[in-house]
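Colleague: I am new to this structure. Please take me closely through one part, the second chain and the side of the first chain that meets it.

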Amino acid sequence: MTCREVVELMTSYLDGALSAADRMRFEEHLTGCDGCTAYLAQLRKTREILGRLADEPVPTALEDELVQAFRNWRSTRNEGDSAGTHR
Amino acid sequence: MLRVAMTYVRDPNIAEDIVQETWLTCLRRLKDFEARSSLKTWIFGILINVARARQRKESRVIPFAAVLSRLDDAIPRPTVDQPRFGNDGMWRAGPDSWEGLPESTLIGQETFGQVRAAIDDLPSSQRQVIVLRDVVGLDAGEVSSMLRISEGNQRVRLHRARAAVRKKLEEYLR
């Protein structure tokens with residue numbers, strides 16, 4: 001396997017989607033190749049950083065609207081509950 | 001959720017409507033949630049349906065675009081600039097190691113800004129997959145099913161998207 005081929009298999013490798021034979025050849029290549037080892041590490045790091053984006057804040061206006069919508073929903077539910085007394 | 005919504009509609013205001021409608025739908029249907037999937041999967045499944053419906057309402061071009069994306073997935077294309085490899089197919093000069101970089105840089109606001117910009121530059125079909133897989137954390141089966149594409153298609157898009165984001169990050173971190 002050349003590096004040019006190996007880099008195109010990286011996503012399949014990380015997903016566990018390579019055949020056993022391909023995975024073995026892929027890992028053998030990595031053992032002897034600093035370039036591909038570094039490239040795979042960069043892809044893993046990229047994925048890690050992407051995973052942290054989920055913590056970014058919601059735009060304030062949208063968050064306010066959502067909170068308001070939730071409150072409206074909850075108050076209409078409470079009205080429903082107190083109207084029917086099957087508790 | 002906004003980012004995923006915006007892969008279906010261009011107008012950010014409509015995208016916000018989609019997100020709000022999704023939350024309302026989730027609240028209404030929460031009592032019927034049977035925990036067959038994770039809550040995250042369930043919420044995003046609803047988001048995608050709401051986004052699709054709104055997209056159909058806003059424009060008639062879309063189904064053709066979906067076909068084009070799938071055809072494009074089938075065209076093999078290298079994701080690394082070819083001049084980086086020699087005639088023997090091996091790296092001329094390997095990529096840098098990011099191990100030596102301070103964690104505060106890699107997980108800093110500026111880096112996040114670069115990554116967000118990189119995601120926004122992706123074609124929508126790739127952006128959908130990388131956001132659902134890597135930002136939201138859904139698995140390959142869930143994402144393929146949600147987007148109604150094969151796992152193979154999904155993997156091609158993820159591969160291209162990750163490579164593009166990695167490349168932008170590499171340029172920024174040099």
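Modeller: Confidence in chain B of this predicted model is lowest in H4(B), at a mean of 80, and highest in H9(B), at 96. Over the chain, the mean pLDDT is 91, and 98% of the residues of chain B reach 70 or more. For the complex, the predictor gives an ipTM of 0.87 and a pTM of 0.85. Where pLDDT is low, the predicted coordinates should not be read in detail.

Next, the interface. On one side are 40 residues of chain A, in contact with 47 residues of chain B. About 3,700 Å² is buried between chain A and chain B, and carbon and sulfur atoms give 65% of that area. Within chain A, the residues that lose the most area to chain B are Arg4(A), Gln42(A) and Leu50(A), together 17% of what that side buries.

Polar pairs also cross between the chains. The rule finds 12 residue pairs in polar contact across the interface of chain A and chain B, with both residues at pLDDT 80 or more. Helices of chain A that each supply at least two residues of the side touching chain B are H1 (3-7), H2 (10-14), H4 (34-52) and H5 (60-83). H4(A) gives the most to that side, with 15 residues. Salt bridges between chain A and chain B number 3. In one salt bridge, Lys45(A) pairs with Glu103(B), and their closest N and O atoms are 3.7 Å apart.

Two residues of chain B show how contacts to chain A can come from buried positions. Arg166(B) is placed in helix H9 of chain B. Its relative accessibility is 3%, so Arg166(B) counts as buried. From chain A, Arg166(B) is in contact with Tyr39(A), Gln42(A), Leu43(A) and Thr46(A), and from chain B with Arg84(B) and Trp98(B), leaving aside neighbours within four places in sequence. Of these, Gln42(A) was among the residues of chain A that lose the most area to chain B.

Thr111(B) lies in helix H6 of chain B, residues 109-121. With 1% relative accessibility, where under 20% means buried, Thr111(B) is buried as well. Not counting residues up to four places away in sequence, Thr111(B) touches Ile49(A) in chain A, and Thr105(B), Leu106(B), Leu169(B) and Tyr172(B) in chain B.

Leu106(B) is also touched by Leu101(B), which touches Leu173(B) too, again not counting residues up to four places away. Leu101(B) sits in the loop between helix H4 (62-73) and helix H5 (103-106) of chain B. Leu101(B) is partly exposed, at a relative accessible area of 25%. Between Leu101(B) and Leu173(B) there are 72 residues in sequence, but the C-alpha atoms are 8.8 Å apart in space.

At the start of H8(B), a side-chain oxygen of Asp139(B) comes within 3.0 Å of the backbone nitrogen of Gly141(B). After H8(B) comes Arg148(B), with a positive phi near 60 degrees.

Definitions and conventions: Residues are numbered from 1 along each chain as its sequence is written. Chains are lettered from A and ligands numbered from 1 in the order in which they are written. Side-chain values use heavy atoms; hydrogens and water are left out. A polar contact is a pair of N or O atoms within 3.5 Å; within protein, one must be able to donate a hydrogen and the other to accept it, and residues adjacent in sequence count only if both atoms are side-chain atoms. Helices (H or I, at least four residues) and strands (E, at least two) are DSSP runs, numbered from the N terminus. Buried means under 20% relative accessible area, exposed over 50%, partly exposed in between (1.4 Å probe, protein chains only). Contact means heavy atoms within 4.5 Å. pLDDT is the predictor's confidence in each residue, from 0 to 100. Buried area is the accessible area (1.4 Å probe) that two parts lose on being put together, summed over both. A salt bridge is a side-chain nitrogen of Lys or Arg within 4 Å of a carboxyl oxygen of Asp or Glu.
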